[in-house]
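Dear colleague,

I am passing on the structure below, together with some notes on what was found in it. Please read the notes with the structure open beside them.

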Amino acid sequence: MTFEQTLMRLDEIAVALDRDDVPLERALALFEEGIAKLREASSELATAEGKVKTLVEEAEGVFEVRE
Amino acid sequence: MLAPGESPDSAISVLELNEAAKAIIEGAIQRLWVKGEISNFTKHRNGHWYFSLKDASAQLPCVIWSRDVRRLPTAPTEGMTVMARGQLTVYPAQGKMQFMIDALEAEGEGLWKKAFDETKARLTKDGLTDPSRKRRLPRFPRTVAVITSPDGAALRDIIAVVRRRHPGVSVVVIPAAVQGETAPDSLVWALDRLSRWVAGSVSDSPMVSEAARALVPDLLIIGRGGGSREDLWAFNDERVARAIAACPIPTISAVGHETDVTIADLVADLRAATPSVAAESAVPVLVEVQQMLRNVAGMLTDALEDQVAHGARELRQRADGLAMRAGRVVERRRARVQQLAGRIEALSPVAVLARGFSVARGADGGTLGRRAAFTIGDTFDLLLHDGRVRARTESVHDDAPHLRETP
């Protein structure tokens, strides 16, 4: 799941949790899923280390990235 | 001995004369700019352009060789006023004066504007400038591809902005020439490489290294810093525009200064005024993303608390409802009991007596309900609803009149 998809899922969860007719048990499950997704997203933000590379086509269709 | 051409005997050839005229004209008149109107314009199939420059009372045959044609944005139109730079010469084979043009400019924005409008019209006809084609940019790209000159200010600016906003985002440069005659081909080739790299990564081709696959980009910034109209011209090239339109990932064009709109801007998914602005549009600010995540966490917690409170409220309501219903059941039972009690009372002998009947009871307390229970001379009690009467049997008859009920 991409970061964006994770955030979209979080939006869905927030909307579902806001509904009046969601059973409490379901609300708890949604909340737990939401917290797990948040943790996932935060850790991705924390660990990603941006690189600057140059694309090199070493031979027809053979791609590599270099400093 | 006479000088060449001084007498019939020393007559020179036509070619010799034309060559002499050519040398004299080229030597006497240096390369210069001439202004006139385009007339009788024709494109030869070998790529050269032939036409005349004319004004009210004179005209001049002109040629632009194909190698110079390539540098022009488009062909001039008939009657267009142009400034042409060239060398006046003589074409010896025809003895004809000819102006060899190597640079051509129309008055005002003329030729460039015409080329721009023509290219735009062709792209529009194919739907490539349609706003509905524009793709949404990913909000959180992990890698941004940049097609630009590897040593231009544009690349430095983009990297600096990305670093500052979000150090977790990677930049992959696909180098290309961004000005000069080779720029359009170079840009098209860079876009082609990008497309094949993305396609190879998506299809898990073993030709794409693991590192290259890990950095497959989410969007493209293509552009360069500001420059003259000629410097920016590659971004008005139709093939470049078509390659941008065909790019498999969303594109941001970032060409030059804020005021220069290029053909590339028209087909890109987003037009940024400068490369720095492109980087700002492409990459979110990390601390803002982190804040957003915290907000989402707060929202989830609040929503759950609301749900729990709501659940508790529901529970209480149900309990109250239950108690109320139980109360109503008891009430109904009580009413029913009272009703039954009423009926039972109605059936009791006391109630019958209240209606005017009486019961005879013997000395032993037994009810005297039949004629045979009475013995003449015996006493018995007559029970009434409000008391008792001691009575004696005088006589017993079997012909008693029917009792008439009295209310």
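B:D192 is partly exposed, with a relative accessible area of 34% (partly exposed lies between buried, under 20% relative accessible area, and exposed, over 50%, using a 1.4 Å probe and protein chains only). Its side chain meets that of B:R196 in a salt bridge, N to O 3.1 Å, a term that stands for a side-chain nitrogen of Lys or Arg within 4 Å of a carboxyl oxygen of Asp or Glu. Both residues lie in helix α5 of chain B, four residues apart, which is about one turn of the helix; helices (H or I, at least four residues) and strands (E, at least two) are DSSP runs numbered from the N terminus. Salt bridges with shared partners join A:E57, A:E60, B:D192 and B:R196 into one network.

A:E57 counts as buried at 18% relative accessibility, whereas B:R196 is partly exposed at 23%.

Over all chains, the count comes to 26 salt bridges.

As for the basis, this is a predicted model, in which local features need pLDDT of at least 70 and side-chain atom pairs count only at pLDDT 80 or more, while totals for chains, interfaces and linings use all residues. Residues are numbered from 1 along each chain as its sequence is written, chains are lettered from A and ligands numbered from 1 in the order in which they are written, and side-chain values use heavy atoms, leaving out hydrogens and water.
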